[in-house]
Amino acid sequence: MADLMDKLVSLAKRRGFVFQSSEIYGGTGSVWDYGPLGVELKRNIRDAWWRSMVHMRDDIEGLDAAILMHPRVWEASGHVAGFTDPLVECKSCHRRFRADNPDIVGGQCPVCGTRDAFGEPRMFNLMFKTFMGPVEEDAAVVYMRPETAQGIYVNFQNVVTSSRQRIPFGIAQIGKAFRNEITPGNFIFRTREFEQMEMQFFVEPGSDDTWMDYWMTARMEWHTETMGIRKEKLRFHQHGPDELAHYAKRAFDIQYEFPFDWQEFEGIHNRTDFDLTRHQEYSGKKLEYIDPADTNKRYIPYIIETSAGLDRTLLVVLMDAYREEEVEGEKRVVLRFKPALAPIKVAIFPLVKKDGLPEIAARIHDDFKAAGVNSFHDDSGSIGRRYRRQDEAGTPFGITVDGQTTEDGTVTVRDRDTLEQVRVPSEGVVAYVQERVR
Ligand code: ATP
(Lines give C-alpha, C1' and ligand atoms only; values in the text may rest on other atoms or scores of the structure.)
Protein backbone atom coordinates (compact mmCIF):
# COMPACT_ATOMS: atom_id res chain seq x y z
CA MET A 1 0.00 0.00 0.00
CA ALA A 2 2.92 2.36 0.68
CA ASP A 3 3.74 2.53 -3.00
CA LEU A 4 0.30 4.01 -3.67
CA MET A 5 1.84 7.31 -2.58
CA ASP A 6 4.71 6.97 -5.07
CA LYS A 7 2.26 6.13 -7.84
CA LEU A 8 0.12 9.14 -6.97
CA VAL A 9 3.05 11.54 -6.84
CA SER A 10 4.20 10.31 -10.22
CA LEU A 11 0.71 10.43 -11.77
CA ALA A 12 0.20 13.91 -10.28
CA LYS A 13 3.33 15.17 -11.99
CA ARG A 14 2.90 13.31 -15.29
CA ARG A 15 -0.69 14.44 -15.77
CA GLY A 16 -0.31 17.94 -14.34
CA PHE A 17 -2.08 17.77 -11.00
CA VAL A 18 0.79 18.77 -8.71
CA PHE A 19 4.36 19.93 -9.38
CA GLN A 20 7.15 20.62 -6.96
CA SER A 21 7.53 24.37 -6.45
CA SER A 22 10.50 25.95 -8.31
CA GLU A 23 11.47 22.52 -9.55
CA ILE A 24 14.00 23.78 -12.13
CA TYR A 25 15.99 25.25 -9.22
CA GLY A 26 15.91 22.02 -7.29
CA GLY A 27 12.60 22.69 -5.54
CA THR A 28 11.62 24.52 -2.37
CA GLY A 29 11.13 22.62 0.86
CA SER A 30 7.63 21.32 1.08
CA VAL A 31 5.88 23.77 -1.17
CA TRP A 32 3.88 22.56 -4.16
CA ASP A 33 2.27 24.04 -7.25
CA TYR A 34 -0.99 22.91 -8.84
CA GLY A 35 -0.85 22.19 -12.57
CA PRO A 36 -3.64 22.45 -15.17
CA LEU A 37 -5.67 19.51 -13.83
CA GLY A 38 -4.82 20.13 -10.17
CA VAL A 39 -5.99 23.72 -10.20
CA GLU A 40 -9.38 22.63 -11.57
CA LEU A 41 -9.75 19.88 -8.97
CA LYS A 42 -8.81 22.30 -6.21
CA ARG A 43 -11.28 24.92 -7.42
CA ASN A 44 -14.05 22.33 -7.59
CA ILE A 45 -13.41 21.19 -4.00
CA ARG A 46 -13.22 24.79 -2.81
CA ASP A 47 -16.44 25.72 -4.64
CA ALA A 48 -18.26 22.66 -3.28
CA TRP A 49 -17.27 23.63 0.27
CA TRP A 50 -18.33 27.25 -0.24
CA ARG A 51 -21.62 26.20 -1.75
CA SER A 52 -22.56 23.86 1.09
CA MET A 53 -21.20 26.05 3.91
CA VAL A 54 -22.22 29.51 2.66
CA HIS A 55 -24.62 29.57 -0.30
CA MET A 56 -26.85 26.72 0.86
CA ARG A 57 -27.20 28.12 4.38
CA ASP A 58 -28.95 31.18 5.73
CA ASP A 59 -27.02 31.04 9.00
CA ILE A 60 -23.44 31.29 7.66
CA GLU A 61 -21.74 34.34 6.13
CA GLY A 62 -18.56 34.37 4.06
CA LEU A 63 -15.40 36.38 4.75
CA ASP A 64 -12.01 36.95 3.13
CA ALA A 65 -9.61 38.40 5.68
CA ALA A 66 -6.03 39.43 4.92
CA ILE A 67 -3.06 37.15 5.50
CA LEU A 68 -1.10 39.88 7.29
CA MET A 69 -2.74 40.89 10.54
CA HIS A 70 -1.92 43.15 13.47
CA PRO A 71 0.89 41.47 15.44
CA ARG A 72 -1.14 41.68 18.67
CA VAL A 73 -3.57 39.17 17.16
CA TRP A 74 -0.94 36.47 17.50
CA GLU A 75 -0.18 37.46 21.07
CA ALA A 76 -3.87 37.18 21.95
CA SER A 77 -4.21 33.85 20.14
CA GLY A 78 -1.25 32.37 22.00
CA HIS A 79 0.84 31.82 18.86
CA VAL A 80 3.68 34.20 19.81
CA ALA A 81 4.23 32.79 23.28
CA GLY A 82 3.28 29.24 22.42
CA PHE A 83 6.04 28.42 20.00
CA THR A 84 9.23 30.15 21.12
CA ASP A 85 10.68 27.42 23.29
CA PRO A 86 13.50 25.15 22.26
CA LEU A 87 11.53 22.28 20.83
CA VAL A 88 12.10 18.78 19.66
CA GLU A 89 9.57 17.01 17.50
CA CYS A 90 8.80 13.32 17.34
CA LYS A 91 9.53 12.12 13.81
CA SER A 92 6.66 9.68 14.01
CA CYS A 93 3.68 11.36 15.71
CA HIS A 94 4.93 14.93 15.10
CA ARG A 95 4.22 16.05 18.63
CA ARG A 96 6.56 18.78 19.73
CA PHE A 97 8.06 18.88 23.17
CA ARG A 98 10.23 21.30 25.03
CA ALA A 99 13.71 19.92 24.77
CA ASP A 100 13.97 19.72 28.57
CA ASN A 101 10.71 17.80 28.95
CA PRO A 102 11.37 15.31 31.80
CA ASP A 103 9.12 12.71 30.15
CA ILE A 104 11.62 12.24 27.33
CA VAL A 105 13.78 9.38 28.51
CA GLY A 106 16.48 7.93 26.29
CA GLY A 107 15.19 9.67 23.17
CA GLN A 108 11.89 7.82 23.27
CA CYS A 109 8.69 9.68 22.43
CA PRO A 110 6.59 9.80 25.62
CA VAL A 111 3.34 9.77 23.63
CA CYS A 112 3.70 7.27 20.80
CA GLY A 113 6.69 5.35 22.13
CA THR A 114 8.88 5.67 19.02
CA ARG A 115 12.54 5.08 19.87
CA ASP A 116 15.27 7.48 18.80
CA ALA A 117 12.43 9.87 17.95
CA PHE A 118 14.11 13.26 18.20
CA GLY A 119 16.65 15.35 16.32
CA GLU A 120 18.52 18.40 17.65
CA PRO A 121 16.40 20.86 19.66
CA ARG A 122 15.65 24.19 17.99
CA MET A 123 14.33 27.56 19.07
CA PHE A 124 11.16 27.35 17.19
CA ASN A 125 8.24 29.51 16.34
CA LEU A 126 6.23 27.98 13.55
CA MET A 127 5.05 31.34 12.26
CA PHE A 128 6.81 32.89 9.27
CA LYS A 129 7.95 36.42 10.08
CA THR A 130 8.39 39.35 7.80
CA PHE A 131 8.64 43.14 8.06
CA MET A 132 5.98 45.65 7.19
CA GLY A 133 7.22 48.89 5.65
CA PRO A 134 10.72 50.00 4.75
CA VAL A 135 12.57 49.36 8.03
CA GLU A 136 13.63 45.92 9.16
CA GLU A 137 13.31 46.37 12.90
CA ASP A 138 11.48 44.55 15.67
CA ALA A 139 8.68 47.10 15.74
CA ALA A 140 7.90 46.31 12.09
CA VAL A 141 7.59 42.53 12.48
CA VAL A 142 4.42 40.97 11.10
CA TYR A 143 3.53 37.32 10.71
CA MET A 144 2.11 35.31 7.86
CA ARG A 145 -1.03 33.86 9.43
CA PRO A 146 -0.66 30.23 10.55
CA GLU A 147 -4.44 29.71 10.47
CA THR A 148 -7.36 31.59 8.93
CA ALA A 149 -9.51 31.43 12.07
CA GLN A 150 -8.17 34.60 13.73
CA GLY A 151 -9.33 36.71 10.77
CA ILE A 152 -12.84 35.54 11.57
CA TYR A 153 -12.64 36.26 15.31
CA VAL A 154 -11.40 39.82 14.88
CA ASN A 155 -14.25 40.49 12.42
CA PHE A 156 -16.96 38.98 14.61
CA GLN A 157 -18.57 42.32 15.54
CA ASN A 158 -18.25 43.66 11.98
CA VAL A 159 -20.18 40.69 10.62
CA VAL A 160 -22.83 40.81 13.37
CA THR A 161 -23.47 44.48 12.70
CA SER A 162 -23.37 44.40 8.90
CA SER A 163 -25.23 41.14 8.28
CA ARG A 164 -27.71 41.32 11.18
CA GLN A 165 -27.14 37.63 11.87
CA ARG A 166 -28.33 36.33 15.23
CA ILE A 167 -26.72 33.62 17.26
CA PRO A 168 -26.43 30.77 16.42
CA PHE A 169 -24.65 31.64 13.17
CA GLY A 170 -21.33 31.04 11.49
CA ILE A 171 -18.61 32.78 9.47
CA ALA A 172 -16.75 30.84 6.79
CA GLN A 173 -13.48 31.56 5.09
CA ILE A 174 -11.08 29.90 2.66
CA GLY A 175 -7.52 31.11 2.40
CA LYS A 176 -3.81 30.54 2.59
CA ALA A 177 -2.03 29.76 5.84
CA PHE A 178 1.68 29.33 6.50
CA ARG A 179 3.48 27.19 9.03
CA ASN A 180 7.18 26.70 9.23
CA GLU A 181 6.74 23.01 9.97
CA ILE A 182 9.75 21.25 11.44
CA THR A 183 9.03 17.99 9.70
CA PRO A 184 6.93 18.53 6.61
CA GLY A 185 6.39 15.73 4.15
CA ASN A 186 4.22 13.08 2.58
CA PHE A 187 3.69 15.08 -0.60
CA ILE A 188 0.95 17.71 -0.07
CA PHE A 189 -0.09 16.21 3.29
CA ARG A 190 2.07 18.52 5.41
CA THR A 191 3.44 21.59 3.69
CA ARG A 192 4.65 25.02 4.72
CA GLU A 193 2.17 26.94 2.59
CA PHE A 194 -1.35 25.57 2.39
CA GLU A 195 -4.97 26.54 2.22
CA GLN A 196 -7.61 26.13 4.88
CA MET A 197 -11.40 26.00 4.66
CA GLU A 198 -12.58 27.10 8.08
CA MET A 199 -15.96 27.85 9.57
CA GLN A 200 -16.49 29.30 13.03
CA PHE A 201 -19.98 28.79 14.42
CA PHE A 202 -20.96 31.14 17.26
CA VAL A 203 -23.37 29.69 19.81
CA GLU A 204 -24.84 30.45 23.19
CA PRO A 205 -22.85 28.81 26.01
CA GLY A 206 -24.70 25.70 27.07
CA SER A 207 -25.78 24.82 23.52
CA ASP A 208 -22.18 24.10 22.48
CA ASP A 209 -22.26 20.32 22.93
CA THR A 210 -25.37 20.00 20.78
CA TRP A 211 -23.84 22.11 18.01
CA MET A 212 -20.60 20.18 18.21
CA ASP A 213 -22.53 16.95 17.56
CA TYR A 214 -24.41 18.65 14.73
CA TRP A 215 -21.25 19.78 12.96
CA MET A 216 -19.51 16.43 13.39
CA THR A 217 -22.37 14.73 11.57
CA ALA A 218 -22.64 17.43 8.91
CA ARG A 219 -18.93 17.46 8.09
CA MET A 220 -18.60 13.67 7.92
CA GLU A 221 -21.60 13.56 5.61
CA TRP A 222 -20.03 16.19 3.35
CA HIS A 223 -16.93 14.04 2.93
CA THR A 224 -18.90 10.93 2.03
CA GLU A 225 -21.72 12.47 -0.02
CA THR A 226 -20.18 15.53 -1.68
CA MET A 227 -16.52 14.49 -1.88
CA GLY A 228 -17.47 10.87 -2.51
CA ILE A 229 -14.90 9.44 -0.08
CA ARG A 230 -15.41 5.77 0.80
CA LYS A 231 -16.99 5.47 4.26
CA GLU A 232 -14.71 2.68 5.41
CA LYS A 233 -11.68 4.94 4.88
CA LEU A 234 -13.00 7.58 7.28
CA ARG A 235 -13.29 7.74 11.04
CA PHE A 236 -13.45 10.15 13.95
CA HIS A 237 -10.61 10.41 16.39
CA GLN A 238 -11.33 12.12 19.70
CA HIS A 239 -8.55 14.16 21.26
CA GLY A 240 -7.54 12.73 24.63
CA PRO A 241 -6.58 15.03 27.52
CA ASP A 242 -2.93 15.16 26.42
CA GLU A 243 -3.82 16.12 22.82
CA LEU A 244 -6.46 18.74 23.62
CA ALA A 245 -5.33 22.28 22.73
CA HIS A 246 -5.28 24.84 25.54
CA TYR A 247 -8.42 26.51 24.18
CA ALA A 248 -10.48 23.41 23.51
CA LYS A 249 -13.17 21.74 25.57
CA ARG A 250 -13.79 18.85 23.15
CA ALA A 251 -12.12 18.08 19.83
CA PHE A 252 -12.46 15.48 17.10
CA ASP A 253 -10.41 14.87 14.00
CA ILE A 254 -11.87 13.43 10.85
CA GLN A 255 -9.22 10.96 9.79
CA TYR A 256 -8.55 9.19 6.51
CA GLU A 257 -6.67 5.95 6.17
CA PHE A 258 -3.61 7.22 4.28
CA PRO A 259 -1.02 4.66 3.13
CA PHE A 260 1.25 5.85 5.96
CA ASP A 261 -1.39 5.83 8.73
CA TRP A 262 -4.79 7.08 9.83
CA GLN A 263 -4.33 10.85 9.86
CA GLU A 264 -6.42 13.98 10.34
CA PHE A 265 -7.53 16.16 7.46
CA GLU A 266 -10.27 18.10 9.22
CA GLY A 267 -10.64 19.12 12.85
CA ILE A 268 -13.88 19.94 14.67
CA HIS A 269 -13.23 21.82 17.86
CA ASN A 270 -15.24 23.30 20.70
CA ARG A 271 -13.05 26.37 21.32
CA THR A 272 -15.30 27.71 24.11
CA ASP A 273 -15.20 31.49 24.60
CA PHE A 274 -11.39 31.44 24.68
CA ASP A 275 -10.69 33.32 21.44
CA LEU A 276 -13.19 36.15 21.79
CA THR A 277 -12.35 36.60 25.49
CA ARG A 278 -8.67 36.91 24.62
CA HIS A 279 -9.29 39.36 21.77
CA GLN A 280 -11.54 41.42 24.03
CA GLU A 281 -8.76 41.53 26.61
CA TYR A 282 -5.94 42.35 24.16
CA SER A 283 -7.86 44.83 22.00
CA GLY A 284 -9.82 46.52 24.76
CA LYS A 285 -12.94 46.27 22.55
CA LYS A 286 -16.12 44.62 23.79
CA LEU A 287 -16.76 41.39 21.91
CA GLU A 288 -19.95 40.45 23.71
CA TYR A 289 -23.08 39.46 21.91
CA ILE A 290 -26.25 41.21 22.98
CA ASP A 291 -29.38 39.18 22.38
CA PRO A 292 -31.72 41.47 20.37
CA ALA A 293 -34.76 39.76 21.90
CA ASP A 294 -33.54 40.42 25.43
CA THR A 295 -30.90 43.15 25.70
CA ASN A 296 -30.15 42.18 29.29
CA LYS A 297 -28.80 38.93 27.96
CA ARG A 298 -25.15 39.50 27.05
CA TYR A 299 -22.46 36.91 26.70
CA ILE A 300 -19.29 35.98 24.88
CA PRO A 301 -20.34 33.23 22.49
CA TYR A 302 -18.81 29.79 22.40
CA ILE A 303 -17.30 28.74 19.10
CA ILE A 304 -17.56 25.42 17.30
CA GLU A 305 -14.89 25.35 14.61
CA THR A 306 -14.71 23.14 11.55
CA SER A 307 -11.23 23.40 10.09
CA ALA A 308 -10.27 21.49 6.95
CA GLY A 309 -7.12 21.68 4.87
CA LEU A 310 -7.96 22.22 1.21
CA ASP A 311 -4.71 20.66 -0.01
CA ARG A 312 -5.06 17.75 2.39
CA THR A 313 -8.68 17.21 1.33
CA LEU A 314 -7.50 17.24 -2.29
CA LEU A 315 -4.94 14.56 -1.41
CA VAL A 316 -7.72 12.48 0.16
CA VAL A 317 -9.97 12.94 -2.89
CA LEU A 318 -7.15 12.04 -5.28
CA MET A 319 -6.03 9.04 -3.26
CA ASP A 320 -9.52 7.71 -2.71
CA ALA A 321 -10.35 7.99 -6.43
CA TYR A 322 -7.24 6.11 -7.61
CA ARG A 323 -7.85 2.65 -9.06
CA GLU A 324 -5.89 0.22 -11.16
CA GLU A 325 -8.20 -1.97 -13.19
CA GLU A 326 -8.14 -4.49 -15.99
CA VAL A 327 -10.22 -3.54 -19.01
CA GLU A 328 -10.41 -5.74 -22.12
CA GLY A 329 -7.18 -7.47 -21.11
CA GLU A 330 -5.38 -4.15 -20.63
CA LYS A 331 -4.39 -2.39 -17.43
CA ARG A 332 -5.89 1.00 -16.89
CA VAL A 333 -5.36 3.64 -14.21
CA VAL A 334 -8.53 5.54 -13.50
CA LEU A 335 -9.43 8.35 -11.14
CA ARG A 336 -13.02 7.77 -10.09
CA PHE A 337 -13.78 11.33 -9.02
CA LYS A 338 -17.35 12.33 -8.29
CA PRO A 339 -18.28 13.91 -11.66
CA ALA A 340 -18.88 17.29 -10.01
CA LEU A 341 -15.25 17.34 -8.80
CA ALA A 342 -13.60 16.10 -12.00
CA PRO A 343 -11.22 18.66 -13.56
CA ILE A 344 -12.52 17.90 -17.05
CA LYS A 345 -16.16 16.84 -17.30
CA VAL A 346 -16.22 15.56 -20.85
CA ALA A 347 -13.76 14.76 -23.64
CA ILE A 348 -14.74 14.88 -27.29
CA PHE A 349 -13.10 12.61 -29.83
CA PRO A 350 -13.58 12.67 -33.61
CA LEU A 351 -12.96 9.03 -34.57
CA VAL A 352 -10.94 10.08 -37.63
CA LYS A 353 -9.51 13.38 -38.82
CA LYS A 354 -11.62 13.53 -41.98
CA ASP A 355 -15.17 13.27 -43.41
CA GLY A 356 -16.29 16.35 -41.47
CA LEU A 357 -15.94 14.60 -38.08
CA PRO A 358 -13.42 17.13 -36.61
CA GLU A 359 -15.80 19.99 -37.47
CA ILE A 360 -18.74 18.31 -35.72
CA ALA A 361 -16.53 17.57 -32.69
CA ALA A 362 -15.36 21.20 -32.57
CA ARG A 363 -18.98 22.37 -32.65
CA ILE A 364 -19.92 20.11 -29.73
CA HIS A 365 -16.84 21.33 -27.85
CA ASP A 366 -18.06 24.92 -28.36
CA ASP A 367 -21.53 23.99 -27.10
CA PHE A 368 -19.97 22.71 -23.87
CA LYS A 369 -17.90 25.89 -23.51
CA ALA A 370 -21.04 28.01 -23.92
CA ALA A 371 -22.78 25.92 -21.24
CA GLY A 372 -19.89 26.44 -18.81
CA VAL A 373 -18.94 22.75 -18.75
CA ASN A 374 -15.18 22.19 -18.87
CA SER A 375 -14.55 20.01 -21.93
CA PHE A 376 -11.50 18.78 -23.79
CA HIS A 377 -11.04 18.08 -27.49
CA ASP A 378 -8.61 15.30 -28.45
CA ASP A 379 -8.09 14.03 -32.00
CA SER A 380 -4.72 12.33 -31.72
CA GLY A 381 -3.90 8.66 -31.28
CA SER A 382 -6.09 5.58 -31.29
CA ILE A 383 -9.48 5.90 -29.63
CA GLY A 384 -8.36 3.42 -26.95
CA ARG A 385 -5.34 5.57 -26.09
CA ARG A 386 -7.53 8.65 -25.94
CA TYR A 387 -9.91 6.91 -23.49
CA ARG A 388 -6.98 5.83 -21.28
CA ARG A 389 -5.63 9.38 -21.12
CA GLN A 390 -9.00 10.67 -19.93
CA ASP A 391 -9.39 7.81 -17.44
CA GLU A 392 -6.13 8.94 -15.85
CA ALA A 393 -7.41 12.51 -15.70
CA GLY A 394 -10.64 11.30 -14.10
CA THR A 395 -12.88 12.61 -16.91
CA PRO A 396 -16.30 11.03 -16.34
CA PHE A 397 -17.59 11.14 -19.93
CA GLY A 398 -16.12 10.62 -23.39
CA ILE A 399 -18.01 11.53 -26.56
CA THR A 400 -17.04 9.94 -29.85
CA VAL A 401 -18.06 11.46 -33.16
CA ASP A 402 -18.05 8.73 -35.83
CA GLY A 403 -19.42 7.83 -39.27
CA GLN A 404 -22.91 7.26 -37.91
CA THR A 405 -22.96 10.84 -36.59
CA THR A 406 -22.98 12.20 -40.16
CA GLU A 407 -25.91 9.90 -40.97
CA ASP A 408 -28.25 10.17 -37.98
CA GLY A 409 -26.78 12.98 -35.85
CA THR A 410 -26.03 10.78 -32.83
CA VAL A 411 -22.76 10.44 -30.90
CA THR A 412 -21.56 7.78 -28.45
CA VAL A 413 -21.17 8.71 -24.81
CA ARG A 414 -18.86 6.47 -22.82
CA ASP A 415 -19.12 6.29 -19.04
CA ARG A 416 -15.72 6.25 -17.29
CA ASP A 417 -16.80 3.89 -14.52
CA THR A 418 -19.23 1.43 -16.12
CA LEU A 419 -17.60 1.67 -19.59
CA GLU A 420 -21.12 1.59 -21.00
CA GLN A 421 -21.59 3.35 -24.30
CA VAL A 422 -24.89 4.87 -25.33
CA ARG A 423 -25.89 6.75 -28.46
CA VAL A 424 -27.31 10.20 -27.81
CA PRO A 425 -28.47 12.84 -30.34
CA SER A 426 -25.67 15.39 -30.60
CA GLU A 427 -28.03 18.33 -29.93
CA GLY A 428 -29.01 16.76 -26.61
CA VAL A 429 -25.54 15.72 -25.49
CA VAL A 430 -24.73 18.85 -23.46
CA ALA A 431 -27.90 18.45 -21.38
CA TYR A 432 -27.21 14.71 -21.05
CA VAL A 433 -23.75 15.35 -19.57
CA GLN A 434 -24.84 18.35 -17.49
CA GLU A 435 -27.49 16.30 -15.76
CA ARG A 436 -24.92 13.67 -14.81
CA VAL A 437 -22.13 15.95 -13.58
CA ARG A 438 -24.25 18.13 -11.32
P1 ATP B 1 -1.29 18.47 12.29
O2 ATP B 1 -1.42 17.81 13.63
O3 ATP B 1 -1.42 17.53 11.13
O4 ATP B 1 -0.11 19.38 12.16
P5 ATP B 1 -3.05 20.44 13.26
O6 ATP B 1 -3.77 19.70 14.31
O7 ATP B 1 -1.99 21.40 13.59
O8 ATP B 1 -2.53 19.43 12.15
P9 ATP B 1 -5.10 22.28 12.67
O10 ATP B 1 -4.35 23.40 13.24
O11 ATP B 1 -6.28 21.74 13.39
O12 ATP B 1 -4.10 21.11 12.32
O13 ATP B 1 -5.48 22.65 11.17
C14 ATP B 1 -6.67 22.20 10.56
C15 ATP B 1 -6.41 21.55 9.23
O16 ATP B 1 -5.51 22.32 8.46
C17 ATP B 1 -5.76 20.18 9.34
O18 ATP B 1 -6.73 19.18 9.55
C19 ATP B 1 -5.11 20.04 7.98
O20 ATP B 1 -6.05 19.58 7.02
C21 ATP B 1 -4.73 21.45 7.65
N22 ATP B 1 -3.29 21.65 7.92
C23 ATP B 1 -2.71 22.01 9.07
N24 ATP B 1 -1.37 22.09 8.93
C25 ATP B 1 -1.10 21.77 7.65
C26 ATP B 1 0.09 21.67 6.88
N27 ATP B 1 1.29 21.95 7.40
N28 ATP B 1 -0.01 21.31 5.57
C29 ATP B 1 -1.21 21.05 5.02
N30 ATP B 1 -2.37 21.13 5.69
C31 ATP B 1 -2.33 21.48 6.99
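Q: Which strand gives the most to the shell around the ligand?
A: That would be strand 13, with four residues. Keep in mind as we go that this is a predicted model.

Q: Okay, and which residues come nearest to the ligand?
A: There are 14 residues around the ligand, and Glu 181, Arg 190, Thr 191, Glu 264 and Phe 265 come nearest.

Q: How do the residues of that shell divide into nonpolar, polar and charged?
A: Six are charged, five are polar and three are nonpolar.

Q: What lies 2.9 Å from an oxygen atom of the ligand?
A: A polar side-chain atom of Arg 179 does. An oxygen atom of the ligand also has a backbone N or O atom of Gly 309 at 3.0 Å.

Q: And which residue has a backbone atom 2.8 Å from a nitrogen atom of the ligand?
A: Thr 191, through a backbone N or O atom.

Q: How much of the ligand does the protein bury?
A: The ligand exposes 580 Å² when taken alone, and the protein buries 82% of that.

Q: Back to the shell: which elements give two or more residues to it?
A: Three strands are on that list: strand 10 (193-203), strand 13 (261-270) and strand 16 (302-309).

Q: Let's switch to helices. At what angle do the axes of helix 2 and helix 9 cross?
A: Roughly 110°, and the axes come within 10 Å. Helix 2 covers residues 36-55 and helix 9 covers residues 310-321. That angle makes helix 2 roughly perpendicular to helix 9.

Q: Which residues meet there?
A: From helix 2 you have Gly 38, Leu 41, Lys 42, Ile 45 and Arg 46. They meet Leu 310, Asp 311, Thr 313, Leu 314, Val 317 and Leu 318 in helix 9. The residues of this contact divide into six nonpolar, two polar and three charged.

Q: What about helix 1, how far apart are its axis and that of helix 9?
A: Those axes are 11 Å apart, and helix 1 (residues 3-15) packs against helix 9 at about 105°. So helix 1 is roughly perpendicular to helix 9.

Q: Which residues make that contact?
A: Helix 1 brings Leu 4, Met 5 and Leu 8, while helix 9 brings Leu 315, Leu 318 and Met 319.

Q: How many of those are nonpolar, and how many are charged?
A: In the contact of helix 1 with helix 9, six residues are nonpolar, with no polar and no charged residues.

Methods. Residues are numbered from 1 along each chain as its sequence is written. This is a predicted model: local features need pLDDT of at least 70, side-chain atom pairs count only at pLDDT 80 or more; totals for chains, interfaces and linings use all residues. Side-chain values use heavy atoms; hydrogens and water are left out. A residue is near a molecule or strand if one of its heavy atoms lies within 4 Å of it. A polar contact is a pair of N or O atoms within 3.5 Å; within protein, one must be able to donate a hydrogen and the other to accept it, and residues adjacent in sequence count only if both atoms are side-chain atoms. Accessible areas come from the Shrake-Rupley method with a 1.4 Å probe; for residues, only the protein chains shown count as cover. Ala, Val, Leu, Ile, Met, Phe, Trp, Tyr, Cys and Pro count as nonpolar, Asp, Glu, Lys and Arg as charged, and the others, Gly among them, as polar. Axes are lines fitted to C-alpha atoms, for helices over the stretch in contact, and angles run from 0 to 180 degrees between N-to-C directions. Angles under 35 degrees count as roughly parallel, over 145 as roughly antiparallel, 65 to 115 as roughly perpendicular and the rest as oblique. Contact means heavy atoms within 4.5 Å.
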